[in-house]
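This report looks at the pockets of a protein chain and at the contacts made by its aromatic rings.

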Amino acid sequence: MKKTLTRSLALAALIAGGPAMAETVELPVVVHLQEGATLPSDTLLQVELLDVSRADAPSTTISAREFRIDSLPAEIRLPYDTDAIDPRMRYVVAAKVAEGDTLLLRTTTSYPALTQDAPERPEIVLEAMTSGISGVEWQAFELGGRMLVVEDAPTIAFTQEGGFAMYGGCNRFVGTAEMSAGKITFPDAIAGTRRMCPEPRMQLEQDMVEAVKASTGYVRYGKNLSLTNAAGVVTMRLTERPE
């Protein structure tokens, strides 16, 4: 309670424009494990507090720590300096578990922290990673942070060489993306058919094209796939399309 009060007073002073004594405080974070996922023995959990205020730029690390854990859920306390926090900016908590260069578990959702009505005690979920996104038809269910409730949802499929084919529900789009482990770069110009369709569908297709062009990374977790931009913000969420 004392740490929470200290954090709140420091942020209030920043908002008011008055001086605030910089100090190191701790952010409590509750870490959960995705149902069905397995926690490796003697796990080293890496947790970060990130500034994601700029959508067109990579996130900035405010604090990063490693914690040795043997079971989840668990609460960790992530230290940070109050003078590094601007109440006008957006911050998130991210975490991962790796074994050498292999990523085993990570958060795939943005978990707000500290500002803009974020919870004082964020609860995050580690999800199991699955390598490779080719050979699957992915169906979008969230675009630009908005859930899609449409018939014939947009889809995208990739080849091992990076070729992709998108279907927006009216038009089809093709191209070749540069892909490596967790990284993806789509071409500036994406070829597509030019059928005229009802305006809502045309707008959805345009939003989908803009979302993939803004994407620079991807994360696969089981039967789900997230595309992310340079700031680590999710641009599109997809799931394996039922056969």
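A pocket, as the word is used here, is an open set of grid points, on a 1 Å grid over the protein atoms alone, with protein on both sides within 12 Å along at least five of seven lines, and its volume is the space filled by probe spheres set on the points. The model is predicted, and within it the second largest pocket has a volume of about 190 Å³, while the largest pocket has one of about 1,200 Å³.

**The pockets**

Of the 42 residues that line the largest pocket, those closest to its centre are Leu103, Arg106, Gly182, Tyr218 and Val219. Several strands take part in this lining, with at least two residues each from strand 2 (43-51), strand 5 (91-99), strand 6 (102-106), strand 17 (217-221) and strand 18 (224-228); strand 5 gives the most, namely six residues.

The lining of the second largest pocket includes Asn171, Phe173, Ile190 and Met202. Here strand 16 (191-192) and helix 2 (199-213) each supply at least two residues, and helix 2 gives the most, with four residues.

**The aromatic rings**

The count of aromatic pairs comes to two. In one of them, Phe158 and Phe186 are tilted, at 6.3 Å centre to centre and with 55° between the planes. This pair links distant parts of the chain, since Phe158 belongs to strand 11 (residues 155-158) and Phe186 to the loop between strand 15 (183-185) and strand 16, 28 residues apart.

The rings of Phe164 and Phe186 have their centres 5.1 Å apart and their planes at 75°, and because planes over 60 degrees apart count as edge-to-face, this pair falls in that class. Phe164 lies in strand 12 (residues 163-167) and Phe186 in the loop between strand 15 and strand 16, so the pair ties together parts that are 22 residues apart in sequence.

Phe158, Phe164 and Phe186 form one aromatic cluster. Phe158 is buried, as is Phe186, for which the relative accessible area is 5%, and Phe164 is likewise buried, with a relative accessible area of 4%.

A further contact involves a charge and a ring: Arg172 lies over the face of Tyr167, at 4.2 Å from the ring centre.

Notes: Residues numbered from 1 in each chain as written. Predicted model: local features only at pLDDT ≥ 70, side-chain atom pairs only at ≥ 80, totals over all residues. Heavy atoms only, no water. 1 Å grid on protein atoms, 1.4 Å probe; cavity = no way out; pocket = protein on both sides within 12 Å on 5 of 7 lines; lining within 4 Å. Phe/Tyr/Trp six-rings, centres within 6.5 Å; stacked < 30°, edge-to-face > 60°. Buried < 20%, exposed > 50% of the residue type's maximum accessible area, 1.4 Å probe, protein only. Lys NZ or Arg CZ within 6 Å of the ring centre and 35° of its normal.
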